[in-house]
Amino acid sequence: MTYLEILTALMPVLAVFIFLVIFRLPAVTAMPISLGIVAVLAFIVWEVPAIRIAAASMEGAMIAVSIIWIVFGAILLLNTLRNSGAMDSIRNGFSGITEDRRVQVIIIAWLFGSFLEGAAGFGTPAAIAAPLLLTLGFPPLAAVAVSLIADSSAVSFGAVGTPLIVGVDQGLKQGDAVAEQVQASLGNQPLEGFIQEVAQSAVMMDLFIGSFIPLILVIILTKLFGENRSFREGLAIWKFAIFAGLSFTIPAFMVATFLGPEFPSIIGGLVGLAIVVPAAKKGFLLPKEPWTFKGEKALSETAARTMPLYKAWLPYVAVAVLLVLTRVNVLPFKAWLTAVEVKWENILGTNLSTAFEPLYLPGTIFVIAVLLTIFYHRMSKEAVKKTIQVSASSMVGTIIALLTAVPMVRIFINSGVNEAGLLSMPMELAALVAEGVGGAWPLVAPIIGALGSFISGSATFSNMMFSLFQFSVADQIGASGQQVVALQVIGSNAGNMICVVNVVAAASVVGLVGKEGAIIRITLLPMLFYVAMAGIIGFIFIS
């Protein structure tokens, strides 16, 4: 490739980095500009026909619509619970478990956050966990930082497996068909089976990485925000922290193995809460003296609960139950819901096609849970109206960003049809990088995944952008495509800690707008730990 062709292939990453990170433009501005630049360079330098660029953009827009529906459903449910008073009861319930701030971080940011990631994803956990911690008396910077760091391992299976069943799935396709080199490697194995194997590999690695995240959380909390600025105060509960880590990662591993990529974070989070909360109440593996912030008095439940705790939690429980019932193959519900399909074949006369099942999307489950909550919590018409208005208005920027970010990724992936005699952009980059890195690629693969999340704002986008790239490099160096794509997934988890979009969103809900740099400086080291550990594990077991 010429230097201009290399620059063109890298532009989906470079453009977003320049406009979103360096120029600090909001995503609603940066993403449309990036799409325009990538489309123009694809036409001029890569010589992709204009009709194919337009078709790839429309394909991306349809994929984005499915993601938008998930995000809207999650936000609508969250605002419904806020306006019904359920979130107040949930918050007060957490404060009554323990006075120890280290344990509260583990329960709220790690376990409850993991459940929220599994049910909603797309930055929702930090946006909920950070305000909860702030309400309990945590410093705003601490609340945001630990919430972002905790939202990592669960990201592989966020939004009911979206990073895998949408990100990796779409990332390994060209049009509506599996990419040729991927299909050649899979043989008769369906892509769905390959993705489940990737999920198993990713969560297996997380048994050795993610299980230590709770310990990292409490060490950062005591070192940066404690009165004594001490590592020891965090290490003092290392047994409990690792116990809490395994309480999520082991159930997640079992679910990924036997049920698939949709449920590990949802069920792992719920099982972890069911194990860790009673253990914390009994002081299991905990020091006798609770750890609190400087000059802080013991906590007390001064705020009256607006409703019983079981009633407040029931909508989230309903979501988990409905998601499981509609995704287990032995039950008829999955077939019923997937029978309704929105499909666009041969877009603009090209071989590009795409489809989604609106009733099967998690967003529909969220809306059902919202309707149940409205009646069960006896919400007034005014509260319902306010919930819908706030939720809809908050989606404007997200819609613009998604409707431009996903088409940009699809142009990048579908650039293999061109008049320049080039392979697709990810394929050409794969050949170039594989030649330079060779057998050491497993050390690099997680970094690519993290970079994708950091730039694009989503693990799903990262996997969509780089899964084919990663698979192609594995093919070039003779490594396992399954393992290398799993490293991509793990890397995208790590990148979620420093993802600009998530950082900005979480900072805004606790009044830290303008402090994004300070937040990233805290979350950067845990991210590097996560990526380094994944690379080392991958290098040992793949090389």
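A residue is called buried when its relative accessible area is under 20%, exposed when it is over 50%, and partly exposed in between (1.4 Å probe, protein chains only). The model is predicted, so local features need pLDDT of at least 70 and side-chain atom pairs count only at pLDDT 80 or more, while totals for chains, interfaces and linings use all residues. Residues are numbered from 1 along each chain as its sequence is written, and side-chain values use heavy atoms, with hydrogens and water left out.

Figure 1. Helices (H or I, at least four residues) and strands (E, at least two) are DSSP runs, numbered from the N terminus. Along the principal axes, the C-alpha atoms fill a box of roughly 70 × 50 × 45 Å. Of the 543 residues, 59% are buried. A contact means heavy atoms within 4.5 Å. Among contacts with a separation of 6 or more, 80% join residues 24 or more positions apart. The chain exposes about 20,800 Å², of which carbon and sulfur atoms supply 66%; the area comes from the Shrake-Rupley method with a 1.4 Å probe.

**Figure 2. Thr 326 in the loop between helix H15 and helix H16.** Helix H15 covers residues 309-325 and helix H16 covers residues 333-338. Thr 326 has a relative accessible area of 8%, so it is buried. Leaving out residues up to four places away in sequence, Thr 326 touches Phe 333, Lys 334, Leu 337, Tyr 360 and Ile 365. The side chain of Thr 326 also reaches the backbone oxygen of Leu 322, at 2.8 Å. Such a polar contact is a pair of N or O atoms within 3.5 Å; within protein, one must be able to donate a hydrogen and the other to accept it, and residues adjacent in sequence count only if both atoms are side-chain atoms. Asn 414 is 88 residues from Thr 326 along the chain, and their C-alpha atoms are separated by 32 Å.

**Figure 3. Ser 353 in the loop between strand E3 and strand E4.** Strand E3 runs over residues 342-344 and strand E4 over residues 354-356. With a relative accessible area of 4%, Ser 353 is buried. A polar atom of the Ser 353 side chain lies 2.8 Å from the backbone nitrogen of Asn 346. Asn 346 lies in the loop between E3 and E4. At 47% relative accessibility, Asn 346 is partly exposed. Asn 346 is not a glycine, although its phi is positive, at about 45°.

**Figure 4. Glu 47 in the loop between helix H2 and helix H3.** The two helices span residues 27-44 (H2) and 50-84 (H3). The phi of Glu 47 is positive, about 55°, although Glu 47 is not a glycine. Glu 47 counts as partly exposed, with 34% relative accessibility.

**Figure 5. Gln 181 in helix H9.** This helix comprises residues 180-186. Gln 181 has 17% relative accessibility, so it counts as buried. The side chains of Gln 181 and Ser 472 make a polar contact at 3.4 Å. Apart from residues up to four places away in sequence, Gln 181 touches Met 427, Leu 468, Phe 471 and Ser 472.

**Figure 6. Gly 535 in helix H25.** Helix H25 extends over residues 516-542. Gly 535 is buried, at a relative accessible area of 1%. Its neighbours within four places in sequence aside, Gly 535 is in contact with Pro 442, Leu 443 and Pro 446. Gly 535 and Leu 443 are 92 residues apart along the chain, while their C-alpha atoms are separated by 4.0 Å.

**Figure 7. Val 396 in helix H19.** Helix H19 is made of residues 396-413. The relative accessible area of Val 396 is 49%, so this residue is partly exposed. Ala 420 is 24 residues from Val 396 in sequence, and the two are 38 Å apart in space, C-alpha to C-alpha.
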